[in-house]
Amino acid sequence: CVNGTAKTLERMAQEAYGDRVDGIHCFVHPYGCSQLGEDHKDTQKLLASMVRHPNAGAVLVLSLGCENNNVNEFKKVLGNYNPNRVKFLITQDVEDEVEAGMRLLDELTAYAATFKRQTVDASELVIGLKCGGSDGLSGITANPLLGSASDLLARHGGTTLLTEVPEMFGAETILMDRCKDEATFRKAVDLINNFKEYFIRHGQEVYENPSPGNKAGGITTLVEKAMGNIKKMGTSPVQGVLKLGERPPHPGLWIVDNRANGPDPVNLAGFAMAGASATVFSTGRGSPVGSPVMPVVKLTGNPHTYAKMPGLMDFNAGVVVDGADIGETGRALYDLLLEVAGGRPTRSEENGDYEFSIPYEEAR
């Protein structure tokens, strides 16, 4: 109900205060009103994760006032917060919501402008590993390249996140063999089996490739997709399985249950909930997708896709097809990640692509 107000405030604040900060963005969504049970809790968890995300310099939480997820209820989920960094506006409580919002955004952008860049260790990075719109080269070039960069980050003490659980079907034993201990193994088994049971309940073939784009790109079965998908994890052991909204308690490779069958914006939101600094997204067929609070570095292992979509792609993994070494090219991708973490804008940021989708219980 307040999405229109949010868009108005975004436009006006960008014009008035945009020179103070990297950007002012509103992230609209249709949830928070008339939701019940787990759906309602998931919406609250995701929005709270967005507010707490370290990439957000300052946050205005906009509310109509009469929704289930009203400010008083939301604050219970959010917990402690810095009132200089996070402010709330209930539009039903003010005479002019735009004037009130602009006043708060003036204060918030002034606060965010006080931050200065400083050098931090690469071990602080949390990177999501994502693939979508795959083709026959994704599992041969781009995804192994992601695995190489993931291993480099692991050697520097960083953290990587892997999701897209249904796209592990057929390669799950490889994944399970990499679990660090029996408890992690059991959690991985439960995660895979729960998704398979969801497929079966809805009369779907567990190993059938459901994506027309994947099929057109040359991938014949979900098993073939899975064999490419797990290459993103590199050679690191699996440290654990995170539920939706949980953050990794220590560095390493983690599996994230984003409670989604594969939609890219939903999985990106799940990474944001897990505290990802950025996500690397390999796409064989190309995609403009971005994310609200973290950069999305898009690469393709298909040189034709890279040449066709220079305005969407950040990195050409297709050089591997022409004989480039995966390890050396993985190092170049790792270096690009460091640049992006240091402030270099990605294509999706330059294009204003900030898709925002909230996972919900019926996705499972």
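Contact here means heavy atoms within 4.5 Å. By that criterion, and leaving aside neighbours within four places in sequence, S63 is in contact with V2, N70, V71, L89, I90 and T91. The model is predicted. Its largest nonpolar core has 46 residues, and its aromatic pairs number six.

**S63 and strand β1**

- S63 belongs to strand β1, residues 59-63.
- Its relative accessibility is 3%; S63 therefore counts as buried, the limit being under 20%.
- A polar atom of the S63 side chain lies 3.1 Å from the backbone nitrogen of G65.

**Nonpolar cores**

- In the largest core, of 46 residues, the most contacts inside it belong to I127, L162, I255, L299 and L333.
- Helix α7 (residues 182-201) is the top contributor to this core, giving seven residues.
- L299, leaving aside neighbours within four places in sequence, is in contact with A142, L145, L146, V280, F281, S282, T283, M313, F315, A317 and L333.
- Another core, of 20 residues, lies apart from the largest one. Among its members are F74, V86, L244 and V293.

**Helix α9**

- Helix α9 spans residues 222-229, and its buried residues are L222, K225, A226, G228 and N229.
- Viewed down the axis of α9, these buried residues fall within an arc of 165°, so they line one face of the helix.
- The general rule behind such a pattern: an α-helix has 3.6 residues a turn, so residues three or four places apart point the same way.
- The cover over the buried residues of α9 includes β3 (126-131), α5 (138-155), β4 (159-162) and α8 (212-216).

**Aromatic pairs**

- The structure holds six aromatic pairs. One of them joins F27 and F356, edge-to-face, at 6.3 Å centre to centre and 65° between the planes.
- This pair links distant parts of the chain, 329 residues apart. F27 is in the loop between α1 (3-17) and α2 (37-52), while F356 is in the segment after α13 (347-350).
- F27 is partly exposed, at 25% relative accessible area. F356 is buried, at 12%.
- Y198 and F199 also form an edge-to-face pair, with 6.1 Å centre to centre and 70° between the planes.
- Y198 is buried, with a relative accessible area of 12%. F199 counts as buried too, at 11% relative accessibility.
- F27, Y354 and F356 are linked into a cluster by ring pairs.

**Charges over rings**

- The charged end of K196 sits over the ring of F169, 5.6 Å from its centre.
- K196 is found in helix α7. At 16% relative accessibility, K196 is below the 20% limit and therefore counts as buried.
- Leaving aside neighbours within four places in sequence, K196 is in contact with F169, E172, V206 and Y207.
- Elsewhere, the charged end of K75 sits over the ring of F88, 4.7 Å from the ring centre.

Methods. Residues are numbered from 1 along each chain as its sequence is written. This is a predicted model: local features need pLDDT of at least 70, side-chain atom pairs count only at pLDDT 80 or more; totals for chains, interfaces and linings use all residues. Side-chain values use heavy atoms; hydrogens and water are left out. Buried means under 20% relative accessible area, exposed over 50%, partly exposed in between (1.4 Å probe, protein chains only). Helices (H or I, at least four residues) and strands (E, at least two) are DSSP runs, numbered from the N terminus. The arc is that of the directions from the helix axis to the C-beta atoms. Rings of Phe, Tyr and Trp (its six-membered ring) pair if their centres lie within 6.5 Å; planes under 30 degrees apart count as stacked, over 60 as edge-to-face and the rest as tilted. A charge sits over a ring if NZ of Lys or CZ of Arg is within 6 Å of the ring centre and within 35 degrees of the ring normal. A nonpolar core is a set of buried Ala, Val, Leu, Ile, Met, Phe, Trp, Tyr and Cys residues joined through side-chain atoms within 4.5 Å. A polar contact is a pair of N or O atoms within 3.5 Å; within protein, one must be able to donate a hydrogen and the other to accept it, and residues adjacent in sequence count only if both atoms are side-chain atoms.
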